[in-house]
Amino acid sequence: MSENKLAPYPFPPAEEPAKYSEFFTDFVFEHYVFPDMWDYGSHAHPMMQYSMVLSGNLAYSVGSREFVIPAGSGFFVNYNRFHRAIADPKMPSEFLSFLISTEFVTGRRGSQIAGKYSETFTSAEYSDFLELLPRDPSAHIILECMSKLSEASRHKDFGYELTVKALAVEIWHQTVLMLRQRSRSARPALQNADQVRINQIITYIHLYFRAKLTLSDLAACASISPGECCRLFARTVGATPIEFLNRYRISQAQLMLRDTHASILQIAQDTGFPSINHFITMFKRFSGCTPREYRLRIQQTAPDPAHPDMAKVTHL
């Protein structure tokens, strides 16, 4: 098995084999082709993730559970759940991946619909994941909608953004039906407590990553000791809390390098790094190149309208 690689939210490292990508504010669609082994390190998204395998196999792990997803099937990972994906080294793999925010499908946080259908079903009381097998009626609908999402995003007929939203809502509708049927209320309370604490720490990192954060700060937000915080991350994530924090900071730096003209120094300061040297060291560790090289690589792979299969970035 290869060394873990960072799969930051929402942009992957520039060298990842994305055949096609499209990014909305609350919706991300990616089409991947893996000619050989590829290993996403353990990571989490502040969105729901859906994957559908088109050819080959894709191995998923969520916590201590491991699955091999064959062609024609898919996988759902709930909001902020740690997971890992590994392409099969024995055969080429191709799959679709979608990240969908709760706001995209149920509207603003705090609304009646969001409270009933998003905040409830993304909580620790419901499953971290779902296998999407064609024989399951709801999963079958989800897989069909994912295929239609791919087509709509590629063809871009007038009004396709509304089609994308409608399909995303139907995907979440069927997901809620599956989660409701498979409530994990019988799971051990300790495992639920782990997920609650991890979610608290992740949310805290997403909100305050720009500030000077210590291990004690991260532990305090979940009302646990620094030692227990490290053990929690070790058993659920496979990384230290500070490593996860730095990974998230680098993912945000990648966003800024791609979407802004801010200087490297400004980006380092805006993502919470104490010095530009430390920022460059961490960036090279998790991205395999310097921030300047990353920005140049992104500029060199800018989308060409004559080649629709090239990576494209769209903001709504």
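**Aromatic pairs, cores and a helix crossing**

Tyr60, Phe67, Phe75 and Phe129 make up one aromatic cluster. Rings of Phe, Tyr and Trp (its six-membered ring) pair if their centres lie within 6.5 Å, with planes under 30 degrees apart counted as stacked, over 60 as edge-to-face and the rest as tilted. The model is predicted: local features need pLDDT of at least 70 and side-chain atom pairs count only at pLDDT 80 or more, while totals for chains, interfaces and linings use all residues. Residues are numbered from 1 along each chain as its sequence is written, and side-chain values use heavy atoms, with hydrogens and water left out.

The ring rule gives 13 aromatic pairs. In one of them, phenylalanine 67 and phenylalanine 129 are tilted, at 4.9 Å centre to centre and 55° between the planes. This pair links distant parts of the chain, since phenylalanine 67 is in strand E6 (residues 65–70) and phenylalanine 129 in strand E10, 62 residues apart. Strands (E, at least two residues) and helices (H or I, at least four) are DSSP runs, numbered from the N terminus. Phenylalanine 67 and phenylalanine 129 are both buried, where buried means under 20% relative accessible area, exposed over 50% and partly exposed in between (1.4 Å probe, protein chains only). Phenylalanine 273 and phenylalanine 279 form another tilted pair, at 5.3 Å centre to centre and 50° between the planes; both of these residues are buried.

The largest nonpolar core has 31 residues, and those with the most contacts inside it include Phe27, Tyr50, Phe98, Met146 and Trp172. Such a core is a set of buried Ala, Val, Leu, Ile, Met, Phe, Trp, Tyr and Cys residues joined through side-chain atoms within 4.5 Å. Among the elements that each supply at least two residues of this core are strand E2 (27–34), strand E4 (48–55), helix H3 (137–155) and helix H4 (160–181). H4 gives the largest share, nine residues. Apart from this core lies another, of 20 residues, including Phe82, Leu232, Val237 and Phe244.

Beyond its neighbours within four places in sequence, methionine 146 is in contact (heavy atoms within 4.5 Å) with Tyr50, Ser51, Met52, Leu96, Phe98 and Ile171.

The axes of helix H8 (residues 241–259) and helix H10 (residues 276–287) come within 10 Å and cross at roughly 95°. Axes are lines fitted to C-alpha atoms, for helices over the stretch in contact, and angles run from 0 to 180 degrees between N-to-C directions. H8 and H10 are therefore roughly perpendicular to each other, a label for angles of 65 to 115 degrees, with under 35 roughly parallel, over 145 roughly antiparallel and the rest oblique. Residues of H8 including Glu243, Arg247 and Leu257 meet residues of H10, among them Phe279, Met282 and Phe286.
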